[in-house]
Amino acid sequence: MSYWFHRNPLKATSNLTFELRGVSTDEKTRRIFNELRQTRNKLLELLPDPNHDKSSIEKATTDYFSLLLGLIQPFDEGENKLRKALKFKWTNSLLGNVTQEQWDTAFEAAHMAINVALWYTKHAAKLAAKETPDMEEAKEVHTCLRVAAGIFTYAKDELVGKLAGNSTDNAVDTEGRVMEAYINQCTAEAQEVTIARAIELKHQASLVAALAFETAQLYQRADDALNSLDDKIVGKWRKYFQLKSAFYTSTAYSYNGEALLAEDKCGEAIRGLQEGVKLYDKAEQLCKEYASAKGLGTFARPLNHIFFRKFGPILKRTLEKCERENGMIYHHKVPYDPPQLELKATYGLVSPEAFKSIALSPLWTKDVYEKMDAKMAPKEENEKKADKEKDKKELPPVKEKETPMSDKDPGTFSGCSIS
């Protein structure tokens, strides 16, 4: 599978004991806080390793969020009395070890959901890096990326909106522009899998062209979402979006050229393919800029990767073929302007997989909630005074298990092995 994906690092968070003496008043209430601590620790233990099965992450996420919801959703009129009983601290995927903290369980839910979505993207990248993945693995890459897009969408639409003091600081993960970039990235990468399958199954060139053009537009939207943020922070990520947008626009011109040639429009085909070569050269330069760009995230040289190396010669051979046939058969004038890529895919387009709501844990009942004494919870203003006396330390980065990128030629154009 000749895919190469940029990945930002996981977010770090402080350890939480869920020790709320006085708030929990009996065995049932104490059990909930004990389970919250255990399920949170379990989920955080799994996330740094993309080799885990998807089912393991699904279970760990459900176990924790089913309990966490009891600190967020109302059991009666008004806000949940426990929602601001704990302080949560997180880093952001683009900002290194700098922390954010809030006394709000919705803040915890949003950041943990983003981390889970990042795991799905890393699991997909791990499978895509294999030398000879089969079609079932390609389908899992596709599914994981759609699931990640769905989780990012859920966090943006349902969780971030609950945060009263959501920061609009430069490039925090809960900022709308960053979330839009993640959603578009995951959707575009899933569509890359669709394009590879369409090529291997020899679908019509017009369909491949339309899918490639739609994918390029998704990457362009991801780049546009970040254009008002500090380039020192998002510059490397933006180079990734720009090179992928140029690459897939080039792909669209290439396959559109084939479709035009099949319609005996050789002059237009040549001009489109010339534009494709121009954009491929632009993508080549962007690959070099990406490799030398400073910033967090994947360290790679995409120019050397099979997804990029293999397409250039095919594009140039197609152009040479058209020029040869035009000189011998068609004798068409080559237009000055390239053909407009007004392409709409009739099928194969990807959308985020809707996040499946997690049910509240049966450990939570209204009776248990009413027995919780919120008046005994730590007060934010008291904690702020105590924090001033402490030396605030940055959180260390998450130690992630790295997945090597394969450059081996799998022997097919898309790099995907179909069985």
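Here are a few questions and answers on how some terms apply to this predicted model. Residues are numbered from 1 along each chain as its sequence is written, and side-chain values use heavy atoms, without hydrogens and water. Local features need pLDDT of at least 70 and side-chain atom pairs count only at pLDDT 80 or more, while totals for chains, interfaces and linings use all residues.

Q: Why are α5 and α6 called roughly antiparallel?
A: Helix α5 (residues 176–200) and helix α6 (residues 205–225) pack at an angle of about 165°, with their axes 8 Å apart. Angles over 145 degrees count as roughly antiparallel (under 35 is roughly parallel, 65 to 115 roughly perpendicular, the rest oblique), so α5 and α6 are roughly antiparallel.

Q: What makes up the contact of α5 with α6, by class?
A: The contact has 12 nonpolar, six polar and six charged residues.

Q: Why is E402 called exposed?
A: Its relative accessible area is 69%. Exposed means over 50% (buried is under 20%, partly exposed in between, with a 1.4 Å probe and protein chains only), so E402 is exposed. E402 sits in the segment after α12 (380–389).

Q: What makes a space a cavity?
A: On a 1 Å grid over the protein atoms alone, a cavity is a set of points where a 1.4 Å probe fits but cannot get out.

Q: Which helix gives the most to the lining of the second largest cavity?
A: That is α5, with four residues. Lining residues have an atom within 4 Å of a point; among them are Y182, Q185, C186 and E189.

Conventions: Axes are lines fitted to C-alpha atoms, for helices over the stretch in contact, and angles run from 0 to 180 degrees between N-to-C directions. Helices (H or I, at least four residues) and strands (E, at least two) are DSSP runs, numbered from the N terminus. Ala, Val, Leu, Ile, Met, Phe, Trp, Tyr, Cys and Pro count as nonpolar, Asp, Glu, Lys and Arg as charged, and the others, Gly among them, as polar. On a 1 Å grid over the protein atoms alone, a cavity is a set of points where a 1.4 Å probe fits but cannot get out, and a pocket is an open set with protein on both sides within 12 Å along at least five of seven lines; lining residues have an atom within 4 Å of a point.
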